[in-house]
Amino acid sequence: MSTYSNGYLGLLDKMDDLFPDLFSWLAKQYDPSTGGFYYARSSKTIDGLIPDIESTAQGLNILIRNNLLDSLSADMKEQMIVFFQKKQDSKTGYFFDDNRAMRNDEVMVHRAISYATGSLKNLGAGPLYPLPMDQDTAPAYVKTTASYLEKWKSIDLRNSWRGCDLFANSCVYIRELKEEQQQVYLNQAVSYLKSIQDKQTGLWGQGSLYVRISGTFKLLTFYNKFRLKMPNPECIYQSILQCLRTEEAEDMCYIRNPINLLSYLDIAIPPPDLKEIIEITINNMKKFKKKDGGFSREIVCSPSAPNVAQVKSGEYYPDMPDPVHLGLGLEEGDMNATTQATLIRLQLYQLCKKEILPLPEVSEFHHYLSKY
């Protein structure tokens with residue numbers, strides 16, 4: 001029995017109490033006619049809107065985190081496979097939603113590659129066509145390490161969250177390189193990131209503490225993808241503690257991102273600190289739980305266009321893409337926040353070194369599917 005196991009059971013139980021009706025909510029988001037998941041309840045009321053790539057991948061992730069993948073019917077798995085495969089453009093290898101505005105948001109386009117290929121792999125399938133690197137349709141900056149570096153240097157970090165998101169997602173093409181070539185690109189990326197890290201805080205870029213921690217989390221997705229160590233983990237840890245103690249979380253990402261970082265940094269967290277971190281996290285999560293059973297990205301309402309929700313009211317970031325509306329912005333749960341809530345749960349259990357069991361309501365999911 002670990003040091004953590006006994007002392008945190010009550011807290012983890014309190015967190016699990018935040019998840020009633022989640023699988024009822026999730027089942028209602030599924031659309032068997034397309035094999036995809038809708039972003040929010042209101043998404044279904046928008047004329048012509050069909051499920052999108054990110055929401056469908058996030059819905060699948062919730063199922064996987066609760067050991068439901070193997071119990072899905074062959075028909076449902078096939079529907080989801082077809083959903084993702086139909087999103088791929090045969091001439092470029094990219095995956096696109098029907099909303100044309102999505103194609104002009106490079107973060108969404110790059111993230112769609114990761115979401116679609118990862119989901120297809122989880123479902124035991126793959127893309128129908130070669131990916132952009134193999135079709136020579138990737139951006140010109142991937143041609144050389146010098147042009148990649150210029151791309152990274154051009155990214156504005158006045159809002160760390162948005163800027164680091166652009167950086168991390170631009171690296172999606174490095175995965176497609178041959179191993180020897182890939183290492184050269186990775187060495188340059190690691191060296192560049194080290195040169196611009198704030199050595200006192202361990203964070204990157206500018207903005208509030210939550211914004212900088214969220215930017216640092218985006219870079220974590222790069223480090224984690226290539227099994228690299230993030231520099232100055234102790235400084236990052238102290239920044240997270242300071243942030244949790246002093247700033248108000250106004251976005252579900254602000255709750256998930258520090259927990260995800262702590263889980264990745266793999267540092268020894270003193271038991272009193274861990275208890276405090278869990279308590280703050282649970283109290284924050286309560287603010288985002290909605291009556292429909294899901295969680296919302298923002299406290300009052302779900303943002304209708306999550307692709308531009310990183311830049312909050314009163315903030316500015318240059319060349320933001322047009323909003324890609326997935327919902328009506330109502331007081332309701334959304335897939336973006338709900339998948340994060342399930343990941344927070346999983347990672348807090350991991351931090352407490354406690355066995356992770358599916359949520360109790362999991363057993364009702366198939367009943368809900370047949371009902372709705």
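This tour moves through a predicted model, beginning with a pair of packed helices and continuing to salt bridges.

Select helix α12 (residues 233-246) together with helix α14 (residues 271-286), whose axes lie 11 Å apart and form an angle of about 45 degrees, which makes α12 oblique to α14. Where the helices pass one another, the crossing is left-handed. Show the side chains next: Y237, L241, L244 and R245 of α12 meet D273, E276, I277 and I280 of α14, and the residues of this contact comprise 5 nonpolar, no polar and 3 charged.

Turn now to the salt bridges, of which the count is 15. Select R345 and D16, whose side chains form one of them at 2.7 Å from N to O; the pair links helix α15 (residues 335-351), which holds R345, to helix α2 (residues 9-16), which holds D16, across 329 residues of the chain. R345 counts as buried because its relative accessibility is 5%, and D16, with a relative accessible area of 18%, is buried as well.

Move on to R111 and E54, which meet in a salt bridge of 2.9 Å, N to O, with R111 in helix α6 (residues 106-122) and E54 in helix α4 (residues 53-65), 57 residues apart. Both of these residues, R111 and E54, are buried.

Next select R162 and D105, where the closest N and O atoms of the salt bridge are 3.5 Å apart. R162 belongs to helix α9 (residues 160-170) and D105 to the loop between α5 and α6, so the pair ties together parts 57 residues apart in sequence; both R162 and D105 are buried. Finally, display E54, R111, D165 and K218 together, which salt bridges with shared partners join into one network.

Technical notes
Residues numbered from 1 in each chain as written. Predicted model: local features only at pLDDT ≥ 70, side-chain atom pairs only at ≥ 80, totals over all residues. Heavy atoms only, no water. Axes fitted to C-alpha atoms, helices over the stretch in contact; angles between N-to-C directions. Helix = DSSP H or I, 4+ residues; strand = E, 2+ residues; numbered from the N terminus. Parallel < 35°, antiparallel > 145°, perpendicular 65-115°, else oblique. Left-handed = near helix turned anticlockwise from the far one by under 90°. Contact = heavy atoms within 4.5 Å. Nonpolar A, V, L, I, M, F, W, Y, C, P; charged D, E, K, R; others polar. Salt bridge = Lys/Arg side-chain N within 4 Å of Asp/Glu carboxyl O. Buried < 20%, exposed > 50% of the residue type's maximum accessible area, 1.4 Å probe, protein only.
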